[in-house]
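Biologist: I am new to this structure. Please show me how to read it, one feature at a time.

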Amino acid sequence: MTTDVSLSCFDGFSLIYSKSTQGKGREYVAKQIIDPGTTVLKVTPYATAIFDSFKKRLCARCLCAHPTKSFSTHCLGCDQVYFCSIDCANKYLKWHDPGCCDVLRKLASLKKVDRHMKSVAKLVVMIYWQRQKNNEDNSYTLVQHLESHYDDWDQDIKRDWHRIHTFLWKHISALGWLLPHETDADIMHLVSKIESNGFGIYLENRLDVVAGRALYPLASLFNHDCAYNCQPRGKFREMTIRTLSTIQKEDPLTIAYTDTDLPVMNRRQKLLQDYYFTCQCNRCLLESASKKRK
Ligand SMILES: [Zn+2]
Ligand SMILES: [Zn+2]
Ligand SMILES: [Zn+2]
């Protein structure tokens, strides 16, 4: 077991640290005993993409929601980003160059594409745009380290993504947003990373309404456990991860990737399908053993 050196440049970890554990990849563990209800991590997203159906309701910069219907301040060039205030609009649009505007507009009008895929593609655009505008900092390193399952995709899934794949490759390479060694496969690896590591953006006080998708690479290092001991909560751009129970020193900190109220079979099936692993947590082992005994 080794401490994760690639994270050593990111501070703010007073109670937990990330380490690589054989067979489990990277995970967070407690530096000390942590009480329930403690905030162990506060993060802001690397990039966000609001669903087309919510683009007028959520501010593209601060993610606050309009209390009743839609904001009116928006980018006249693409009509894809809306803002709660002139201040948010000015700060955002300062970086929103014509290339980004153009690709967002074309993506929004792309026909015969599944809504889920389109929203993932929007986040891909936002991530490359973010990397482009922050080309001096090293925060993309964290995105680079996220796990991709693109190599495991079967041909049917690749075929489903074909239109998006072609669209993204054409536009992102034309914008000059790729590094010299990057190819269309790198774009699809990013798609896969979003599929396995993306978090929903929820409407304030409405945890049942997902209004967009965001990548919080530091929060993605929490492993899954069906008897999870931490819970993420988003408020505007900030995500807070808090403990639900007492965590002993050196114990892993975990969150739920899926609905843990599902029976063990369905839970494991869903985790395998969406996250490419068979859950071996204690709860799964106990529940599947007791099923076999029956
Ligand atoms: Zn705002
Ligand atoms: Zn625009
Ligand atoms: Zn499990």
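Modeller: Start with strand β3, residues 25-30, which is mostly covered: 5 of its 6 residues are buried. Buried means under 20% relative accessible area, exposed over 50%, and partly exposed in between, with a 1.4 Å probe and protein chains only. Strands (E, at least two residues) and helices (H or I, at least four) are DSSP runs, numbered from the N terminus. This is a predicted model, where local features need pLDDT of at least 70, side-chain atom pairs count only at pLDDT 80 or more, and totals for chains, interfaces and linings use all residues. Residues are numbered from 1 along each chain as its sequence is written, chains are lettered from A and ligands numbered from 1 in the order written, and side-chain values use heavy atoms, without hydrogens and water.

Biologist: How many bridges join β2 to β3?

Modeller: Two strands pair if DSSP finds at least two bridges between them. Here 6 bridges join β2 (residues 16-21) to β3, and the two run antiparallel. Ser 20 has Arg 26 in β3 as its bridge partner. The hairpin of β2 and β3 has 3 residues between the strands, and Gly 23 takes a positive phi near 85 degrees there.

Biologist: Which residue in β13 is the bridge partner of Val 29?

Modeller: That partner is Pro 252. Strand β13 (residues 252-255) is joined to β3 by 2 bridges, again antiparallel.

Biologist: How do I read the angles?

Modeller: Ideal angles are 109.5 degrees for four tetrahedral donors. Four donors count as tetrahedral if all angles lie between 85 and 135 degrees.

Biologist: What are the protein donors of the zinc ion (ligand 2)?

Modeller: They are Cys 75 (SG), Cys 78 (SG), His 96 (NE2) and Cys 101 (SG), lying 2.1 to 2.3 Å from the ion. Angles of 102 to 113 degrees among the 4 donor atoms make this site tetrahedral. The spacing along the chain is C-x2-C-x17-H-x4-C. Cys 78 and His 96 link distant parts of the chain, 18 residues apart. Cys 78 is in the loop between β6 (73-74) and β7 (82-83), and His 96 is in the loop between α1 (86-93) and α2 (98-108). Cys 78 is buried because its relative accessibility is 3%. His 96 has 8%, so His 96 is buried as well.

Biologist: Where does Asp 79 lie, and what is its phi?

Modeller: Most residues other than glycine have a negative phi. Asp 79 has a positive value, near 60 degrees. Asp 79 lies in the loop between β6 and β7. With a relative accessible area of 30%, Asp 79 is partly exposed.

Biologist: Which loop holds Phe 236?

Modeller: The loop between β11 (230-235) and β12 (238-243). Phe 236 has a positive phi near 50 degrees. Its relative accessible area is 37%, so Phe 236 is partly exposed.

Conventions
Donors are N, O and S atoms within 2.8 Å of the metal (3.2 Å for Na, K and Ca); water is not among the atoms, so sites may look incomplete. Four donors count as tetrahedral if all angles lie between 85 and 135 degrees; four count as square planar and six as octahedral if opposite donors are over 155 degrees apart and all others between 65 and 115; anything else is irregular.
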